[in-house]
Amino acid sequence: MDATAKFELFASYMNLEPAEEHTPVQPVAASSNTLREAPAPYNTTRPGSAYARAPCGSSPAELRQAVDAASSPLKSSSSDAKKRALGISYAAMPGGKHMAMLKTLLTSACERDCFYCPFRAGRDFRRATFKPDEMARAFMGLHRTSAAEGLFLSSGIAGGGVRTQDQLIDTADILRHKLNYRGYLHLKIMPGADRAQVERSMQLANRVSINLEAPNAARLTRLAPHKNFFDELLRPLQWVEDIRSTQSAHAGWNGHWPSTVTQLVVGGADESDVEIMSISAELYKRLHLARVYYSAFHPVSNTPLENRPAEKPMREFRLYQSSFLLRDYGFDLEDLPFTQNGNLPLEVDPKIAWAQINLSESPVEVNKADKQALLRIPGVGPKGVNEILTARRKGKLCNLRDLQKIGVIASRAAPFILLDGRRPSQQLNLW
Ligand code: SF4
């Protein structure tokens with residue numbers, strides 16, 4: 001099988017995880033699996049795929065996108081459809097740029113048997129494997145024609161985590177040092193990789209990731225009973241942070257240590273949102289992850305969880321919103337509006353739910369509040385806060401139109417603010 005056929009085979013079996021700065025989209029309704037593009041939650045930049053599962057970094061919604069693209073010439077050119085069929089999709093990067101990213105695997109063979117994963121050992125489907133040199137050269141063929149600008153490389157586990165990680169590192173080494181590839185590289189770290197391999201991966205990649213899959217060890221046993229939560233998954237994430245905080249970044253690629261991300265499957269193990277947000281808060285605070293991805297569970301045929309119902313896309317969306325509140329808005333776990341069963345309400349934005357409890361009777365004076373207080377106002381993001389602080393130096397903000405002009409979602413903010421001592425809610429009716 002040639003390299004193109006292998007890329008197509010992987011893309012057609014996998015829904016690649018929502019890598020890079022994937023922006024979740026708001027589902028139409030909590031009970032629906034149909035999605036539409038909607039304003040991104042908080043400070044994200046562009047809607048993207050909301051589906052993803054995390055079989056060591058691989059998955060299947062790209063196929064659906066490829067099929068959609070191929071059958072809808074108005075939406076996408078045929079060259080885009082061809083790219084998607086190979087597993088190339090547009091990833092939104094920090095700063096808002098978009099990059100054509102090849103998301104692929106060294107091998108779709110795997111000796112593990114995670115319950116949710118289409119690649120699990122013993123599942124009957126056609127598999128393929130690249131050698132490191134073959135992968136590196138095939139990717140460079142796409143890169144030289146500008147079909148793929150960046151590479152997200154993962155793998156099933158064949159011959160143990162250490163051996164598989166060696167193959168990933170060999171591929172990255174060939175790309176960087178033989179083929180002079182200087183572009184974006186997201187490298188997966190395999191369960192079972194050792195510390196020296198983690199460090200070597202960090203010297204070659206712009207981003208590394210290890211998927212925790214579940215919020216704690218007890219939940220992981222229900223998804224992947226042969227993965228060890230602490231030794232194989234959490235410890236490598238801790239090594240990444242340890243290396244990054246104790247060693248000079250000169251050793252990293254281009255003088256920078258890579259960022260780190262992880263992913264959790266949502267709804268596969270009866271875990272609660274408070275469990276998911278607890279580990280997310282720790283990962284942001286202690287290990288400085290750039291992003292925690294959430295992937296609503298979808299059953300895969302011929303796996304032990306094939307009869308489990310799919311998780312609601314709205315749950316995934318609310319988790320992303322809450323995650324951004326923890327990461328970018330100064331919220332603590334205790335601020336999130338969990339219900340008695342430990343879940344987030346599906347019907348309301350968590351920032352609005354917090355504001356309804358805390359700001360309805362104590363609105364924030366926009367002309368005096370500090371940065372942290374401004375960030376708590378619904379409709380105001382980090383960029384909006386900076387705009388407000390800049391505008392305040394020039395004069396008072398006296399009405400909703402002033403806020404609207406500087407990018408605040410005034411209708412959302414109105415019930416929770418004062419403008420020069422007055423509640424502005426009534427002004428909305430005038431628009
Ligand atoms: S280790 Fe588990 S999640 Fe990863 S590819 Fe293998 S079966 Fe899938």
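Two residues are taken to be in contact if their C-beta atoms, placed from the backbone, lie within 7 Å. On that basis, residues 24 or more positions apart account for 68% of the contacts in the protein with a separation of 6 or more. The model is a predicted one, in which local features need pLDDT of at least 70 and side-chain atom pairs count only at pLDDT 80 or more, while totals for chains, interfaces and linings use all residues. Residues are numbered from 1 along each chain as its sequence is written.

**Overall make-up**

- The protein has 15 helices and nine strands, where helices (H or I, at least four residues) and strands (E, at least two) are DSSP runs numbered from the N terminus.
- Of the 431 residues in the protein, 48% are buried; a residue is buried if 20 or more other C-beta atoms lie within 10 Å of its own, exposed if 12 or fewer, and partly exposed in between, with C-beta atoms placed from the backbone.

**Packing of α4 on α5**

- The axes of α4 and α5 are 8 Å apart and meet at an angle of about 45 degrees, which makes α4 oblique to α5; axes are lines fitted to C-alpha atoms, for helices over the stretch in contact, and angles run from 0 to 180 degrees between N-to-C directions.
- Angles under 35 degrees count as roughly parallel, over 145 as roughly antiparallel, 65 to 115 as roughly perpendicular and the rest as oblique.
- On the α4 side the contact is made by P132, D133, M135, A136 and F139, and on the α5 side by Q167, D170, T171, I174 and L175.
- These residues of the contact of α4 with α5 divide into six nonpolar, two polar and two charged, with Ala, Val, Leu, Ile, Met, Phe, Trp, Tyr, Cys and Pro counted as nonpolar, Asp, Glu, Lys and Arg as charged, and the others, Gly among them, as polar.

**Helix α6 and its surroundings**

- α5 and α6 pack at an angle of about 25 degrees, with their axes 10 Å apart, and are therefore roughly parallel to each other.
- The crossing of α5 past α6 is left-handed, and V162, Q165, I169, A172, D173 and R176 in α5 meet Q197, R200, S201 and L204 in α6.
- By class, the contact of α5 with α6 has four nonpolar, three polar and three charged residues.
- In helix α6 (residues 195-204) the buried residues are Q197, V198, S201, M202 and L204, and because they cover an arc of only 165 degrees around the axis, they are on the same side of α6; the arc is that of the directions from the helix axis to the C-beta atoms.
- The buried residues of α6 pack against α5 (161-178), β4 (185-188), β5 (207-209) and α8 (229-246).

**Residues in loops**

- R120, found in the loop between β2 (98-105) and α4 (132-144), counts as buried because it has 20 C-beta neighbours inside 10 Å.
- Leaving aside neighbours within four places in sequence, R120 is in contact with C110, R112, D113, C114 and T303, and the C-alpha atoms of R120 and N302, 182 residues apart along the chain, are separated by 9.8 Å.
- N254, in the loop between α8 and β6 (259-266), has a positive phi near 55 degrees although not a glycine, and is exposed, with 8 other C-beta atoms within 10 Å.
- H288, in the loop between α9 (273-287) and β7 (291-296), is another residue other than glycine with a positive phi, near 55 degrees, and counts as partly exposed with 13 C-beta neighbours inside 10 Å.

Notes:
Left-handed = near helix turned anticlockwise from the far one by under 90°.
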